[in-house]
Amino acid sequence: MVIELKSGKFKPEYAGKMDFYLNLLNDKEKAPEDNPSIGIILCAEKDSLEVEYSLRTKLTPIGVAEYRLYCMLPDELKEKLPTEHELSRALQREIKE
C-alpha cells in the first residue's frame, strides 16, 4: 500500500505519480502471492469530477480521500490513545532495550 499525504487540493498529476509508485512497488517489492498494491491519496480538498477523470483509465487501484485537521482530539478518541506520559515511558523502555 502506498499512502500519499498532500497539504492542498487534489491535482490530476497526483494520480500519475501514484500510478508510478504502485507500478514500482508491484514490480520491485510485491511477492508473487501478494495481491496488487493499492494507493491512497489524502488531500485537504478534492473535486469529485476531477478525481473521476484523473483515475478513469488507471489500471492500478487508487483512491482519493479528503482529510480534516482538528485543533482538539475528539473525546471518543482520547480514551483509545496513549497519553504523552505513557508514550514517553514506552520510548524510554525501547531505548534501554
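Val51 has a relative accessibility of 9% and therefore counts as buried (buried, under 20% relative accessible area; exposed, over 50%; partly exposed, in between; 1.4 Å probe, protein chains only). The model is predicted, so local features need pLDDT of at least 70 and side-chain atom pairs pLDDT 80 or more, while totals for chains, interfaces and linings use all residues. Residues are numbered from 1 along each chain as its sequence is written, and side-chain values use heavy atoms, without hydrogens and water.

Val51 lies in helix 2 (helices are DSSP runs of H or I, at least four residues; strands are runs of E, at least two; both are numbered from the N terminus). Helix 2 spans residues 48-55, and its buried residues are Val51, Ser54 and Leu55. These residues sit on the same side of helix 2, because they cover an arc of only 85° around the axis (arc of the directions from the helix axis to the C-beta atoms). An α-helix has 3.6 residues a turn, so residues three or four places apart point the same way. Leu49 and Tyr53 are exposed, on the face of helix 2 turned away from its buried side. Val51 and Gly8 are 43 residues apart in sequence; their C-alpha atoms are 14 Å apart.

Two aromatic pairs were found (ring centres of Phe, Tyr and Trp, the last by its six-membered ring, within 6.5 Å; planes under 30 degrees apart are stacked, over 60 edge-to-face, the rest tilted). Phe10 and Tyr14 form an edge-to-face pair, with centres 6.0 Å apart and planes at 85°. Phe10 is buried at 2% relative accessibility. Tyr14 is buried at 12%. Lys6 lies over the face of Tyr14, 4.3 Å from the ring centre (NZ of Lys or CZ of Arg within 6 Å of the centre and within 35 degrees of the ring normal).

The whole structure holds six salt bridges (side-chain nitrogen of Lys or Arg within 4 Å of a carboxyl oxygen of Asp or Glu). Lys6 bridges to Glu4, with the closest N and O atoms 2.9 Å apart. Lys6 is buried at 13% relative accessible area, and Glu4 is buried at 10%. Lys58 and Asp19 form another salt bridge, at 3.9 Å from N to O. This pair links distant parts of the chain, 39 residues apart: Lys58 is in the loop between helix 2 and strand 3 (62-66), Asp19 in helix 1. Lys58 is partly exposed at 26%, whereas Asp19 is buried at 16%. Lys28 and Asp27 also form a salt bridge, at 4.0 Å from N to O. Both Lys28 and Asp27 are exposed.
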